[in-house]
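Here's a friendly walk through one structure, with a few side chains and surface features to look up as you read. Have a look at the picture before going on.

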Amino acid sequence: KILGLHILNQNQFIINFTVNDSDCLLTIEQPKDYRIPELNAPGLYHMAFLVPSKEDLADVFTHIQRSGYPLSGASDHKVSEALYLNDLDGNGIEIYYDRKPDTWNWENNQVEMTIDRLDIDNLLATASQKVWTGMSSGTIIGHVHLRVENMEKAEKFYVYALGFDIVSRYGSQATFISSKGYHHHLALNTWGRPKTVDHKDLTLGLHAFSLVYPSLETRQLVVSRLLEIGADVTEENDIVCAIDPSGTKVLLVVE
């Protein structure tokens, strides 16, 4: 009702959500036993839904505003414009659209990103005025932002082993990484000094997120590097599961 996702299928404890009525974008699970996460626990900082256009973002903003559900922020990042809110369990959510890549400012393989105030009036001027029917069917997960305990270990896992490139840093406490020149597919931060938790712990929050590799050969190279650094790696039903140094589960799948 707030984000405009659609239910693809569900049972008593799991719901799979979609925007195009065929692909699962987000899975929500209610475990039988669980623990409430500590403040600033490692794991999800926010998941980011990338909508196709500024018009789509304006329509989302208008819908959320009319619903009365509170936003937690709205920012102009130079490469994108973004809205922020939290779900009922406190999981962070970003909804954003990208400006055209040829307008992004790169210098020495680093992309310029800002945290400026979003011009809401300018955003609303692009709203479609259509009756709200939900999030655009072209919406994808554009990036995932994580809290990690140790940045050096996190970069070794995500950059060296998984194969991402560092495209921006904010001091020693936040690193933004991507592939193929995107502004970021993953962000890592140590804000709040999070402490690693056992990944077998039934603490609410992020259970896992998926990375899609183009071939089995590419993924096998990644698995080899993960084993080289001593990461916890298992494989089941053609899906490789790797645990990052802060206890976050990453599923490596092949396109």
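Let's begin with Arg 99, which is partly exposed because its relative accessible area is 23%; that label covers what lies between buried (under 20%) and exposed (over 50%), using a 1.4 Å probe and protein chains only. Keep in mind that this is a predicted model, where local features need pLDDT of at least 70, side-chain atom pairs count only at pLDDT 80 or more, and totals for chains, interfaces and linings use all residues. Residues are numbered from 1 along each chain as its sequence is written, and side-chain values use heavy atoms, with hydrogens and water left out.

Now for the salt bridges. The whole structure holds five of them, each being a side-chain nitrogen of Lys or Arg within 4 Å of a carboxyl oxygen of Asp or Glu.

| Pair | N to O distance |
|---|---|
| Arg 99 and Asp 76 | 2.9 Å |
| Glu 81 and Arg 99 | 2.6 Å |
| Glu 155 and Arg 169 | 2.7 Å |

What does the Arg 99 and Asp 76 salt bridge look like along the chain? Arg 99 sits in the loop between β7 (92-98) and β8 (106-107), while Asp 76 belongs to strand β5 (residues 73-76), so the pair ties together parts 23 residues apart in sequence. Strands here are DSSP runs of E with at least two residues, helices are runs of H or I with at least four, and both are numbered from the N terminus. Asp 76 is buried, at 15% relative accessible area.

The side chain of Arg 99 also meets Glu 81 in a salt bridge. That pair links distant parts of the chain, 18 residues apart, with Glu 81 in strand β6 (residues 80-86). Glu 81 counts as buried because its relative accessibility is 3%.

Elsewhere, Glu 155 pairs with Arg 169. This one joins helix α3 (residues 151-161) to strand β12 (residues 165-170), and the partners are 14 residues apart. Glu 155 is buried at 14% relative accessibility, whereas Arg 169 is partly exposed at 44%. As for shared partners, salt bridges bring Lys 54, Asp 76, Glu 81 and Arg 99 together in one network.

Next, two loop residues. Most residues other than glycine have a negative phi. Asn 108, though not a glycine, has a positive phi of about 55°, and you'll find Asn 108 in the loop between β8 and β9 (110-111). Asn 108 is exposed, at 68% relative accessible area. Lys 180 also has a positive phi, near 55°; its place is the loop between β13 (174-178) and β14, and Lys 180 is exposed at 85% relative accessibility.

Last stop: the second largest pocket, with a volume of about 370 Å³. Of its 20 lining residues, the closest to the centre are Asp 59, Ser 128, Lys 130, Val 131 and Trp 132. (On a 1 Å grid over the protein atoms alone, a pocket is an open set of points where a 1.4 Å probe fits, with protein on both sides within 12 Å along at least five of seven lines; lining residues have an atom within 4 Å of a point.) Helix α1 (residues 54-67) gives the largest share of the lining, seven residues.

Definitions and conventions
Grid points are joined across faces, edges and corners, and a volume is the space filled by probe spheres set on the points.
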